[in-house]
Amino acid sequence: MTAVFVHGVPETGDLWDRLRARLGTASVALRLPGFGAPLPDGFGSSMDEYVEWMEGELHELDGPIDLVGHDWGGLLVARIATRSRITLRSWSVDVAGILHPAYVWHDIAQLWQTPVSGEAWATATLEDTDPASPLSASGQLRAAGAPEDDARAMGESFDATMASSVLALYRSATPNPFARWGTELMSPTSTPGLVLHPTLDPFDGPAAQVVAATLGAHFEPLEGLGHWWMLQDPATAAGVLEKFWADLDA
């Protein structure tokens, strides 16, 4: 099997390095266009374009595939798993509460979705290159809970292409992903699923368990971990995923 990992926003595929190093199986970390990877010609960074791009990448990989997504990567994984155009062995996501029909985007997402205000944020963040500054990309990631060294590294990857991709992606997802992708997004999947719920993640919520039940997925709390659980405790994260995968073979 091949484990395929998909990062979120504003991150790159390097997010998964420490977790992947602890796995006993082959793995690949995709790099979403605009996030440490070039944008294809004409690519507008919308949620649907990322799904189509991911499906193309997955078609090129040897299966069976265990697909894992974090943050926006998790939302894209859920879309791929529920529309069934790609054959997966399993799928795993976090922030599943964002898939709920009643989900309301958090404050920073709403800022990104607002014309003029979002561009002002991008300009100010790009201009502040001091990683110790709370207004820099590193400072904002640190304030959101990313470990210090990782916040600095992720902040260094933040550039104008990533900023514009962030704005375009979030603006394609109003008022929320369910409203754009419809009831198929909340239909039980024929593929085994795992919903990871870091209990200290400010971007998730109680609706994650409701979404897991609706999709027929196993619900796994990650006690004491936050949004960047794979950075905070990669050994535990790898163990949870490997147990889930092993149970599929049992």
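This is a predicted model: local features need pLDDT of at least 70, side-chain atom pairs count only at pLDDT 80 or more; totals for chains, interfaces and linings use all residues.
Where is Pro175 found? I looked, and Pro175 is in the loop between α8 (160-171) and α9 (177-181).

**Cis peptides.** I went through the omega angles next. Thr174 and Pro175 are joined by a cis peptide bond, with omega at about -5 degrees. I also found a cis bond between Val9 and Pro10, where omega is about -10 degrees. That Pro10 sits in the loop between β1 (2-6) and α1 (17-20).

**Positive phi.** Then I checked phi in residues other than glycine. Asp71 has a positive phi, near 55 degrees. I placed Asp71 in the loop between β3 (65-69) and α3 (72-83). Its relative accessible area is 8%, so I log Asp71 as buried. Val95 also has a positive phi, near 40 degrees, and belongs to the loop between β4 (90-93) and α4 (107-112). I get 0% relative accessibility for Val95, so that residue goes down as buried too.

**Asp204.** Asp204 is in the loop between β5 (193-198) and α10 (207-215). I looked for a salt bridge and got none, although Asp204 is buried. The nearest side chain of opposite charge is Arg79, 19 Å away.

With His197, I see a side-chain to side-chain polar contact of 3.2 Å. For Gly97, the backbone nitrogen is 3.1 Å from a polar atom of the Asp204 side chain.

Conventions. Residues are numbered from 1 along each chain as its sequence is written. Side-chain values use heavy atoms; hydrogens and water are left out. Helices (H or I, at least four residues) and strands (E, at least two) are DSSP runs, numbered from the N terminus. Buried means under 20% relative accessible area, exposed over 50%, partly exposed in between (1.4 Å probe, protein chains only). Lys and Arg count as positive and Asp and Glu as negative; His and the chain ends are not counted. A salt bridge is a side-chain nitrogen of Lys or Arg within 4 Å of a carboxyl oxygen of Asp or Glu. A polar contact is a pair of N or O atoms within 3.5 Å; within protein, one must be able to donate a hydrogen and the other to accept it, and residues adjacent in sequence count only if both atoms are side-chain atoms.
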